[in-house]
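Here are some exercises to work through with the model open beside you. Try each one yourself before you read the solution.

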Amino acid sequence: MTIRLPTPDGGVRQYEPRTDPLALAPAGPPASRTVFSAAHVVADPYADTTPDGPAAVDWDATLAFRRHLWSHGLGVAEAMDTAQRGMGLDWAGAAELIRRSAAEARAVGGRIACGAGTDHLPQGTLPRIRAAYEEQLAVVEESGAQAILMASRALAAAATGPDDYLDVYGHLLRQASEPVILHWLGPMFDPALDGYWGSADLDAATETFLAVIAAHPDKVEGVKVSLLDARREVELRRRLPKGVRCYTGDDFHYPELIEGDEQGFSHALLGVFDPLGPLAAEAVRTLDTGDTTTFRKLLDPTVDLSRHLFQPPTRYYKTGVVLLAWLAGHQDHFTMVGGLQSARSLPHLARAYELADGLGLFPDPSLAESRMKSLLTVHGVPR
């Protein structure tokens, strides 16, 4: 088998796909680390929609993908930015996603945590922002899922300094029925979140973030840090109150952060663990035995793919994630809500295919090759 792949310089080159996919059987969750995959949604390709209209979701395929992740021992982080929150999936769609996925998790015994934010409120006063958070938090808690308090564009726009963050988050944590995960999403994932926690100076922002946690340590189960800065994450991790977990959201440095050091380690809540699910779970399970060598041997080679998917503009990494789900046979089409399948170039998508194939991520390499060839043909690449 050979396939002609476009190159960034406008050329075309031959690539020979591998024929021996990884054979990773379903297994239970790792014991030494808690691992969440932030899962994507599957669009309904037959729906007559517009890019700025409500998302049309293929619920059967979306829930089937979550069962795939649960079967390999991963938790599902639901309705996060990987699911195109604020980039095609509105709050009404996210609320339905939360309810359906939480019910599915109960049915199969899967772990689930769901994002609560303010994306149905474009802007507003601090009281309105608190009320918007409360509305979404109630939906998550009523579903029976753990809550992830997501960063808020509205709060980033309305806050005048650190005290406003302390007030809003303090209010929410006091009324949360169960401990939550706090999410710090950096501006590389969402430019509207620049200056979150009251300062563009990350050192100052970190102090505010830690102050929120210190005031309510019994209401914070963990923090998810998505800043793509391994040193800063380790420093923050070491300052967390006892019992508060650090979930890495660093899609560039996750192997070393999950492995950890003599002072601790990070758990994981990662968008790249959507396409890497079975491989990531198998790698982390090796840490249960203390086998760090095999862990790194399995996971280190995946970083090139992750760095490619998360190239700037980082927020469009979802396009590569959905491409790989289609090529792997988890869905029947390469269509995204909001039309975001067009957000990456053909050479970018071709390189994502090549890197994923090199890792053996496609259960059926011939299917992946055939589907990739069909995509290339549509774009005018000769067979």
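Buried means under 20% relative accessible area, exposed means over 50%, and partly exposed is in between, using a 1.4 Å probe and protein chains only. Keep in mind that this is a predicted model, where local features need pLDDT of at least 70, side-chain atom pairs count only at pLDDT 80 or more, and totals for chains, interfaces and linings use all residues. Residues are numbered from 1 along each chain as its sequence is written, and side-chain values use heavy atoms, with hydrogens and water left out.

**Exercise 1. A loop residue**

Task: Work out whether Leu 227 is buried or exposed, and find which residues it is in contact with.

Solution: Start with the location. Leu 227 sits in the loop between strand E8 (220-226) and helix H7 (230-239); helices (H or I, at least four residues) and strands (E, at least two) are DSSP runs, numbered from the N terminus. Next, check accessibility: Leu 227 has 10% relative accessibility, so it counts as buried. Now look for partners, taking contact as heavy atoms within 4.5 Å. Once neighbours within four places in sequence are set aside, Leu 227 is in contact with Trp 184, Gly 186, Met 188 and Arg 232. Take Met 188: it is 39 residues from Leu 227 in sequence, and their C-alpha atoms are 7.7 Å apart in space.

**Exercise 2. Two helix pairs**

Task: Describe how H12 is set against H13, then do the H13 and H14 pair.

Solution: Two packed helices are described by the angle between their axes and the distance between the axes. Axes here are lines fitted to C-alpha atoms, for helices over the stretch in contact, and angles run from 0 to 180 degrees between N-to-C directions. For helix H12 (residues 317-327) and helix H13 (residues 346-358), the axes come within 10 Å and cross at roughly 55°.

Then get the handedness. A crossing is left-handed if the near helix is turned anticlockwise from the far one by less than a right angle, and right-handed if clockwise. H12 passes H13 in a right-handed crossing. On the H12 side you'll find Thr 319, Leu 323, Leu 324 and Leu 327, meeting Leu 349, Ala 352, Tyr 353 and Ala 356 of H13. Sorted by type, the residues of this contact come out as 7 nonpolar, 1 polar and no charged. (Ala, Val, Leu, Ile, Met, Phe, Trp, Tyr, Cys and Pro count as nonpolar, Asp, Glu, Lys and Arg as charged, and the others, Gly among them, as polar.)

Now the second pair. The axes of H13 and helix H14 (residues 365-378) come within 11 Å and cross at roughly 175°. That makes H13 roughly antiparallel to H14. H13 brings Leu 346, Leu 349, Ala 350 and Tyr 353 to the contact, while H14 brings Ala 368, Glu 369, Met 372, Leu 375 and Leu 376. The tally for H13 with H14 is 8 nonpolar, no polar and 1 charged.

**Exercise 3. Aromatic rings**

Task: How many aromatic pairs does the whole structure hold, and how are the rings of Trp 197 and Phe 209 arranged?

Solution: Rings of Phe, Tyr and Trp (its six-membered ring) pair if their centres lie within 6.5 Å; planes under 30 degrees apart count as stacked, over 60 as edge-to-face and the rest as tilted. A search of the whole structure turns up 16 aromatic pairs. In one of them, the ring centres of Trp 197 and Phe 209 are 4.9 Å apart with planes at 50°, so the pair is tilted. Trp 197 is in the loop between strand E7 (180-185) and helix H6 (202-215), and Phe 209 is in helix H6, 12 residues apart. Trp 197 is buried at 0% relative accessible area, and Phe 209 counts as buried at 0% too.

Compare Trp 326 and Phe 334: their ring centres are 6.0 Å apart and their planes are at 10°, so this pair is stacked. Trp 326 counts as buried at 8%, as does Phe 334 at 12%.

**Exercise 4. Around Tyr 133**

Task: Which aromatic cluster includes Tyr 133, and which residues does Tyr 133 touch?

Solution: The cluster is formed by Tyr 133, Tyr 165, Tyr 169, Trp 184, Tyr 196, Trp 197 and Phe 209. Tyr 133 itself is in helix H3 (residues 126-143) and counts as buried at 0% relative accessibility. Not counting residues up to four places away in sequence, Tyr 133 touches residues including Ala 116, Leu 149, Val 168, Tyr 169 and Tyr 196.

Notes
Angles under 35 degrees count as roughly parallel, over 145 as roughly antiparallel, 65 to 115 as roughly perpendicular and the rest as oblique.
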